[in-house]
Amino acid sequence: EMQLRLTAFAILVASVATLRTLSSVGQPALRVVTISQSTVKRSSTLLLQLAPGWISQVDQASGQTFYYNEQTGESQWDPPVAAGAPAAQGLAPGWVEAFDECGRTYFYNEQTGEAQWEPPRAVATQKLWRLDGYSGVAGFSGVSGFAAQNKYNFYQLEFAREGRPCQLPYQLGIGDERALSRWNMVEQKPGVSRKQCIVQCLADGSATLTSDGDSPTLLGRDGQWYDIPKGDAVPLANGDLVSLDCTDPMGAVFQVENVI
């Protein structure tokens, strides 16, 4: 019995020394391996949204986490993530949010098995969509936000194409959004709102149009115009047209282009 106590004490000292070494480099240890009893203990290290019937366990020989289905008896190394489990917004493809046994958030790649503390953001510099003028629109500068009651004196339309953010074409990468406005119109009309609609590039690279004006935004596709009322969102496709003025569909139009 004395020998067993000494052995357990030695294991505990070694574990504490290891954790101190890991914490000294500025980050907590990503995985704390629990000393198992005579049988494999259930591990709470990975709290992924597992598919129904699956639990996580620790392999006694290697200390690695594996996954076991209590209903079917299946086991596997890769986490069986529940279908439709939401991915954290803006993460690079293949990565999901997870939590260690202390409740700290980390990030796990379901395809490669990698894990890290920092969120692996999708490359924001890669532009996937472009909004260009089709008729009656331009970029603009000199407005203090889309909710501004008054334009600055130096407000102006931007017809140049020098690559400035206020000039067309507007370019969107993952996580970007662009509001299209009355200020974009070459001939402004009071029936078009200061923030008529918003185009967003989502984490999966797709684009959506959300109408935000008091009057509907129009989506042009295959020769037809479709009313998009305030608050409604629709997916966009390459070649779609977005009209700001529902009373004059061709009066102020952007074209949507998928650049990948």
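These legends describe close-up views of one predicted model.

The model is predicted, so local features need pLDDT of at least 70 and side-chain atom pairs count only at pLDDT 80 or more, while totals for chains, interfaces and linings use all residues. Residues are numbered from 1 along each chain as its sequence is written, and side-chain values use heavy atoms, with hydrogens and water left out.

**View 1. An open sheet of 4 strands.**
The strand order is β11-β12-β13-β16, and the pairing is antiparallel. Strands are DSSP runs (E, at least two residues), numbered from the N terminus. Two strands pair if DSSP finds at least two bridges between them. Strands of a sheet pair through backbone hydrogen bonds. β11 (177-180) and β16 (233-235) are the edge strands, each pairing on one side only. On average, neighbouring strands of this sheet are turned by 20° against each other, direction ignored. Such angles run from 0 to 180 degrees between N-to-C directions, with axes fitted to C-alpha atoms. β11 and β12 (residues 197-201) pair in the antiparallel sense over 4 bridges.

A pocket is an open set of points on a 1 Å grid over the protein atoms alone, with protein on both sides within 12 Å along at least five of seven lines, where a 1.4 Å probe fits. The lining has 14 residues, each with an atom within 4 Å of a point. Nearest the centre lie Arg164, Pro165, Pro169, Tyr170 and Gln171. β10 (170-173) and β11 each supply at least two lining residues. β10 gives the most, with 3 residues. The lining divides into 5 nonpolar, 3 polar and 6 charged residues. Here Ala, Val, Leu, Ile, Met, Phe, Trp, Tyr, Cys and Pro count as nonpolar, Asp, Glu, Lys and Arg as charged, and the others, Gly among them, as polar.

**View 2. Backbone geometry at Pro169 and Asp222.**
Most residues other than glycine have a negative phi, and most peptide bonds are trans. A cis peptide bond joins Leu168 and Pro169, with omega about 0°. Pro169 is in the loop between β9 (156-158) and β10. Asp222 is not a glycine, yet its phi is positive, about 55°. Asp222 lies in the loop between β14 (217-221) and β15 (224-228). Asp222 is exposed, at 74% relative accessible area. Exposed means over 50%, buried under 20%, and partly exposed in between (1.4 Å probe, protein chains only).

A salt bridge is a side-chain nitrogen of Lys or Arg within 4 Å of a carboxyl oxygen of Asp or Glu. The count comes to 8. In the bridge of Lys127 and Asp176, the closest N and O atoms are 3.0 Å apart. Arg161 is exposed at 53%, whereas Asp132 is buried at 13%.
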